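This briefing covers domain layout, salt bridges and backbone features. Please look over the sequence and the model before reading on.

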Amino acid sequence: MTRYRVAVLPGDGIGPEVTAEAVRVLQAAAELHGFTVETADYAVGAAGVAEAGDALPPATAAAVTQADAVLLGAVGHPSLAAAEGRRRPEAGLLALRKLLGAYANLRPVTVHPALRHASPIRPDRLEGVDLLIVRELLGGLYYGQPRGREADTAVNTMRYSVSEIERVARVAFEAARGRRRHVTSVDKANVLEVSGLWRDTVARVAGDYPDVRLEHLYVDYAAMRLVAQPAAVDVLLTENLFGDILSDEAAVLTGSLGLLPSASIGDGPGLFEPVHGSAPDIAGRGVANPLGAIASAGLLLRHGLNQPEAADAVDRAVVSALEAGLRTQDLARPGEATVGTRELGERVAALVLQGVSV
Ligand code: NAD
């Protein structure tokens with residue numbers, strides 16, 4: 001029987017609560033599809049600081065590089081909001097992405113019909129929304145040198161090489177082949193030199209994918225398109241800073257941060273995590289929405305373990321749970337009955353094992 005090793009990094013706040021449900025569903029999918037997933041927990045974020053004085057303890061760093069894939073909850077704790085260096089929980093996450101060489105961040109955004117009311121966008125504009133943001137994660141302004149601040153000036157550098165652009169562009173074109181075969185590349189080529197290189201390189205890579213349609217958009221127009229015509233976007237490819245902003249804008253379409261999964265893939269094992277943070281305001285109460293973490297386990301099966309059928313089973317079970325009216329409090333209308341984190345996880349795992357079809 002095929003065996004995989006998954007390093008589980010529950011992290012802080014609601015991280016452990018939602019991750020437990022993601023693991024439950026992962027195990028159900030493995031059971032249904034006849035393979036084994038061995039999981040082991042490691043500390044990260046504030047939990048890492050408490051355990052080893054480091055947001056990414058050496059034991060965690062060693063374990064993730066040996067794993068087939070990494071499942072993460074969330075990091076961040078109010079008591080460490082002002083901490084510096086490796087005692088800052090969020091520094092653990094940046095170090096982890098770098099360690100894993102995770103240069104492509106994938107964020108699928110879909111709007112379930114039963115949840116259109118939860119979105120601030122007009123329901124008719126949400127029909128058919130099914131997009132994937134592919135964000136470059138290890139380059140651009142967040143890492144470019146020189147950077148610094150002195151007296152009354154400060155500098156950051158947006159720098160990309162052809163190879164950095166090319167590798168993330170290929171992730172986007174490959175993904176488009178399994179979808180509607182349309183890539184929207186976002187830049188600011190009318191102003192930025194880096195964007196000129198980005199546009200030329202993406203256009204050249206597109207030559208290897210004649211079956212995929214490519215369009216280029218300026219980032220300002222892309223920001224409008226995402227709320228005005230979100231259903232017109234299939235795969236949106238962009239650099240680090242633009243992707244950071246546009247992916248949070250796209251998250252608003254769904255109505256709850258608790259629903260959204262992400263995958264960060266590259267040279268090493270993939271890192272899979274919900275988009276939300278540690279939500280200290282609701283931590284420890286068993287009310288967090290586990291669906292973002294569960295859908296991240298689905299991405300882990302698809303992109304981390306290459307088990308697309310098991311991933312489909314998880315995606316179907318999530319849709320089916322929502323269709324059955326199961327709602328955590330972030331999704332419920334006033335007066336609507338709610339379920340807790342654990343109950344929703346158990347119900348989704350049961351639906352996976354039943355092999356529901358939608
Ligand atoms: P957050 O995502 O933790 O919470 C924002 C709001 O959304 C809160 O009201 C929260 O209750 C709600 N929410 C988030 N996830 C939910 C879920 N699964 N179910 C129901 N409601 C949910 O963002 P924040 O409050 O800005 O940040 C809190 C901490 O998390 C900070 O320390 C921040 O640095 C950290 N953070 C971590 C990550 C990560 O680990 N990837 C991402 C964002 C923020």
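Which residue forms a salt bridge with Arg-24? The partner is Glu-21, and the closest N and O atoms of the pair are 2.7 Å apart; a salt bridge here is a side-chain nitrogen of Lys or Arg within 4 Å of a carboxyl oxygen of Asp or Glu. The model is predicted: local features need pLDDT of at least 70, side-chain atom pairs count only at pLDDT 80 or more, and totals for chains, interfaces and linings use all residues. Residues are numbered from 1 along each chain as its sequence is written, and side-chain values use heavy atoms, with hydrogens and water left out.

**Domains and their interface**

- The protein is divided into domain 1 (1-107 + 258-358) and domain 2 (120-254), with bounds that come from an automatic or database domain assignment.
- The C-alpha centres of domain 1 and domain 2 are 25 Å apart.
- Contact (heavy atoms within 4.5 Å) involves 15 residues of domain 1 and 16 residues of domain 2.
- About 1400 Å² is buried between domain 1 and domain 2, 64% of it from carbon and sulfur atoms; buried area is the accessible area (1.4 Å probe) that two parts lose on being put together, summed over both.
- In domain 1, the residues that lose the most area to domain 2 are Tyr-103, Asn-105 and Arg-107, which together make up 50% of what that side buries.
- One salt bridge is counted between domain 1 and domain 2.
- Arg-107 and Asp-248 form a salt bridge in which the closest N and O atoms are 3.3 Å apart.
- On the side of domain 1 that touches domain 2, α4 (89-99), β4 (104-110) and β11 (261-265) each supply at least two residues; helices (H or I, at least four residues) and strands (E, at least two) are DSSP runs, numbered from the N terminus.
- β4 gives the most to that side, with four residues.

**Salt bridges**

- The structure holds 21 salt bridges.
- Arg-3 and Glu-38 meet through their side chains in a salt bridge (2.6 Å, N to O).
- This pair links distant parts of the chain, with Arg-3 in strand β1 (residues 3-11) and Glu-38 in strand β2 (residues 36-41), 35 residues apart.
- Arg-3 counts as exposed at 55% relative accessibility, and Glu-38 as partly exposed at 36%; buried means under 20% relative accessible area, exposed over 50%, partly exposed in between (1.4 Å probe, protein chains only).
- Arg-24 and Glu-21 both lie in helix α1 (residues 15-33), three residues apart, about one turn of the helix.
- Glu-21 is buried, at 4% relative accessibility, whereas Arg-24 is partly exposed, at 28%.
- Glu-166 and Arg-170 form a salt bridge with the closest N and O atoms 3.4 Å apart, and both lie in helix α6 (residues 162-177), four residues apart.
- A network of salt bridges links Glu-166, Arg-170, Arg-204 and Asp-208.

**Backbone features**

- Gln-145 and Pro-146 are joined by a cis peptide bond, with omega about 0°.
- Pro-146 is in the loop between β5 (130-136) and β6 (148-150).
- Ala-151, although not a glycine, has a positive phi of about 40°; Ala-151 lies in the loop between β6 and β7 (153-155) and is exposed, with a relative accessible area of 81%.
- Asn-306 is not a glycine either, and has a positive phi of about 55°.
- The loop between α10 (291-304) and α11 (308-323) holds Asn-306, which is exposed at 60% relative accessible area.
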